[in-house]
Amino acid sequence: MNIMDFNVKKFAADAGTFLSRAVQFTEEKLGQAEKTELDAHLENLLSKAECTKLWTEKIMKQTEVLLQPNPNARIEEFVYEKLDRKAPSRMNNPELLGQYMIDAGNEFGPGTAYGNALIKCGETQKRIGTADRELIQTSAINFLTPLRNFIEGDYKTITKERKLLQNKRLDLDAAKTRLKKAKVAEARAASEQEVRITQSEFDRQAEITRLLLEGISSTHAHHLRCLNDFVEAQMTYYAQCYQYMLDLQKQLGSFPSTFLSNNNQSSSTPVPSVSASSVLASASASLPSVSNSVITSGFSELKASSGSRKARVLYDYDAANSSELSLLADEVITVYSVPGMDSDWLMGERGNQKGKVPITYLELLN
């Protein structure tokens with residue numbers, strides 16, 4: 001027998017098997033043929049596997065949405081992953097917001113209260129962006145990848161073996177149908193032999209499928225460990241964000257209270273309408289007779305020298321820690337610079353008390 005004849009006979013046998021299964025399946029749907037039912041334990045295992053697959057897919061997809069809300073970015077990452085290439089690095093949302101704040105702060109002037117606050121907020125947002133990247137990376141490795149491996153690996157194998165079981169079941173029931181229809185003793189003997197063979201193949205495939213399905217319990221245990229890793233990654237991320245914002249809040253506490261009180265007013269307290277001209281008049285009346293450039297120059301000269309100056313406190317200030325000095329509005333203190341000190345601070349002395357004070361709270365006296 002040449003290869004051509006072998007291929008023709010194999011094709012004919014496969015076609016016959018396919019036709020037999022199709023007829024059996026159709027007659028079962030029409031209620032014209034009996035169907036071998038799987039045992040209850042195997043049916044329960046199949047139901048558990050399908051339920052696991054369904055919810056694993058939903059959890060995995062929603063986790064991806066949580067970690068990367070931008071659908072276009074998710075599609076781009078998916079394409080690069082399929083091409084086995086690394087996606088180009090781009091700023092995430094907190095990093096982008098942080099950069100805008102820093103650029104705006106530098107534009108308004110780092111020496112101004114608003115500009116300085118924007119820069120500090122921007123730096124914090126960028127740190128949050130870095131923490132966000134770490135959360136995504138850790139969650140992808142420890143949580144998403146195991147879930148995806150189950151969907152694309154273990155469950156595909158289960159699906160393949162389940163399909164084989166279905167085919168073996170159809171072969172068995174088709175053989176049983178032929179046995180019922182057999183009239184001649186010789187035909188009955190051949191049909192009985194066919195039923196024994198198909199029954200054996202069906203039982204063997206049912207056992208293979210059962211063993212695979214019983215592994216779902218191990219999958220649940222593995223996914224539970226991955227879930228713990230995901231929760232730990234989130235806990236670390238939110239703890240970092242909380243600490244960053246706590247530090248930022250303390251830094252912003254060094255700015256004049258008039259700049260920080262806008263959002264703390266009671267909603268029931270009416271806010272009077274103020275015209276631009278009245279604001280300018282009020283601001284000019286409250287400022288000393290020297291210009292902003294002269295004020296800034298005065299602090300710069302003080303920092304450059306080793307001397308000290310008297311300064312009037314413009315606003316109340318509560319020290320954030322023991323290294324700082326609390327202030328009362330309108331009191332006069334002595335201030336001087338210390339090498340290496342941040343440009344926004346001076347050392348202040350009141351009698352035997354001393355500590356860091358923010359320059360935005362001070363007005364240098366002649």
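Buried means under 20% relative accessible area, exposed means over 50%, and partly exposed lies in between (1.4 Å probe, protein chains only). This is a predicted model, in which local features need pLDDT of at least 70 and side-chain atom pairs count only at pLDDT 80 or more, while totals for chains, interfaces and linings use all residues. Residues are numbered from 1 along each chain as its sequence is written, and side-chain values use heavy atoms, with hydrogens and water left out. R210 is partly exposed, at 22% relative accessibility.

- R210 and E214 form a salt bridge (a side-chain nitrogen of Lys or Arg within 4 Å of a carboxyl oxygen of Asp or Glu), with an N to O distance of 2.6 Å.
- The two residues, R210 and E214, are four residues apart in helix α6, and therefore about one helical turn separates them; helices (H or I, at least four residues) and strands (E, at least two) are DSSP runs, numbered from the N terminus.
- E214 is partly exposed, with a relative accessible area of 31%.
- E207, R210 and E214 belong to one network, joined by salt bridges that share partners.

**Salt bridges between helices**

- The count of salt bridges in the model is 13.
- One of them pairs E64 with R148, at 2.5 Å from N to O.
- This pair links distant parts of the chain, as E64 is in helix α2 and R148 is in helix α5 (residues 113–181), 84 residues apart.
- E64 counts as partly exposed at 24% relative accessibility, whereas R148 counts as buried at 17%.
- Another salt bridge joins E194 and R178, whose closest N and O atoms are 2.4 Å apart.

**Nonpolar surface patch**

- L54, W55 and I59 make a nonpolar surface patch of about 290 Å².
- Patches are made of residues with over 30% relative accessible area and no salt bridge; like charges are joined within 9 Å, and nonpolar side chains (Val, Leu, Ile, Met, Phe, Trp, Tyr) within 5 Å.
- Accessible areas come from the Shrake-Rupley method with a 1.4 Å probe, and for residues only the protein chains shown count as cover.
- W55 is located in helix α2 (residues 40–67).
- W55 is partly exposed, with a relative accessible area of 46%.
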